[in-house]
Amino acid sequence: MKEKIDCIFGFLKAVAAHNDREWFAAHRAQYDEARGYFEEMVEMVIHRIALFDDSVAHLSVNDCTYRFYRDTRFSEDKSPYKRHFGAYVNARGKKSWHSGYYLHIQPGGCMLAGGAWCLPSPILKAVRQSIVDEIDEFRGIVEATDFKAAFPVIGETRLKTLPKGFPKDFPYPQYLRPKDYSVAHAVEDGFFRAPDWLERTAEVFGLMKPFNDFVNYTIDECE
């Protein structure tokens, strides 16, 4: 497996340094090889997650992976290709609001993440209300020692103050301020070169499952 991981990282480093269509066309075989190895990893991850979350057992690799070409229409960065491989193992599909498990491989920026992003305002408000209503359950999940060690921060971005419509005296405002309910666990590149990378990946995602279940309970009620 180490040779396959080295191939993936080698390609991603090269495409980051030469991110143009002419270079990519000349190195298409290198991309195909690296992409194939990454898809092997994704298939293994899906099967491993399914052992503790059978809701994802029906997913294929194509259900979870993305195009390598960037959408540059609204970006100042016009480079045509991504600098990472990513896969979102989500029982409802990779474009769903449903919480799932995200694998991100990028030289110097690898992570295991998950949760729910870009929730519509009504669903985001409902998730926050569920936290207020079930704060003991939520705290039991996110304040558990192992969970907090793996995922010290909830949400990629947060409000500076409590969202409108929630009591100002709520004793745990840090859990209502996130603009999304996602978590991330950064790992070194060498993480995926270790012989036990799959088991360790499953451990991290296993810690995430109760969090995903809590968020999904509300999302499912809203959909």
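Colleague: Which helices do the buried residues of α6 pack against?

Modeller: Please keep in mind that this is a predicted model. The buried residues of α6 pack against α5 (121-133), α7 (145-150) and α8 (197-222).

Colleague: Which residues of α6 are buried?

Modeller: Helix α6 spans residues 135-142, and its buried residues are Ile 135, Phe 138, Ile 141 and Val 142. These four are on the same side of α6, because they cover an arc of only 125 degrees around the axis.

Colleague: Let us turn to the strands. How many residues of β1 are buried?

Modeller: Five of the five residues in β1 (residues 85-89) are buried, so the strand is mostly covered.

Colleague: And which residues lie on each side?

Modeller: In a regular strand, side chains alternate between the two faces of the sheet. In β1, Phe 85, Ala 87 and Val 89 are on one side, while Gly 86 and Tyr 88 are on the other; both faces are covered.

Colleague: In what sense do β1 and β2 pair?

Modeller: The pairing of β1 with β2 (residues 100-105) is antiparallel and has five bridges. Within β2, Tyr 102 is the bridge partner of Tyr 88.

Colleague: How many bridges join β2 to β3?

Modeller: There are five bridges between β2 and β3, and these strands run antiparallel. Leu 112 in β3 stands opposite Leu 103. The hairpin of β2 and β3 has five residues between the strands, and there Gly 108 takes a positive phi near 80 degrees.

Colleague: Now the aromatics. How many aromatic pairs are there in the whole structure?

Modeller: A search of the whole structure finds 28 aromatic pairs. In one of them, the ring centres of Tyr 31 and Phe 68 are 5.2 Å apart and the planes are at 35 degrees, so this pair is tilted. The pair links distant parts of the chain, 37 residues apart: Tyr 31 is in helix α3 (residues 28-49) and Phe 68 is in the loop between α4 (61-64) and β1.

Colleague: Are those two buried or exposed?

Modeller: Tyr 31 and Phe 68 are both buried. Another tilted pair is formed by Phe 147 and Phe 211, with ring centres 5.9 Å apart and planes at 35 degrees. Phe 147 lies in helix α7 and Phe 211 in helix α8, so this pair ties together parts that are 64 residues apart in sequence.

Colleague: Why does Phe 211 count as buried?

Modeller: Phe 211 counts as buried because its relative accessibility is 0%, and the cut-off is under 20%. Phe 147 is also buried, with a relative accessible area of 2%.

Colleague: Which residues do ring pairs link into a cluster?

Modeller: The cluster linked by ring pairs consists of Phe 11, Trp 23, Phe 24, Tyr 31, Phe 38, Phe 68, Tyr 69, Tyr 81 and Phe 85.

Colleague: Which residue lies over the face of Tyr 66?

Modeller: Lys 94 does, at 5.4 Å from the ring centre.

Colleague: One last topic. Where is Cys 118, and is it buried or exposed?

Modeller: Cys 118 is in the loop between β3 and α5. With 69% relative accessibility, Cys 118 counts as exposed. Although Cys 118 is not a glycine, it has a positive phi of about 55 degrees.

Definitions and conventions:
Residues are numbered from 1 along each chain as its sequence is written. This is a predicted model: local features need pLDDT of at least 70, side-chain atom pairs count only at pLDDT 80 or more; totals for chains, interfaces and linings use all residues. Side-chain values use heavy atoms; hydrogens and water are left out. Buried means under 20% relative accessible area, exposed over 50%, partly exposed in between (1.4 Å probe, protein chains only). Helices (H or I, at least four residues) and strands (E, at least two) are DSSP runs, numbered from the N terminus. The arc is that of the directions from the helix axis to the C-beta atoms. Contact means heavy atoms within 4.5 Å. Two strands pair if DSSP finds at least two bridges between them. Rings of Phe, Tyr and Trp (its six-membered ring) pair if their centres lie within 6.5 Å; planes under 30 degrees apart count as stacked, over 60 as edge-to-face and the rest as tilted. A charge sits over a ring if NZ of Lys or CZ of Arg is within 6 Å of the ring centre and within 35 degrees of the ring normal.
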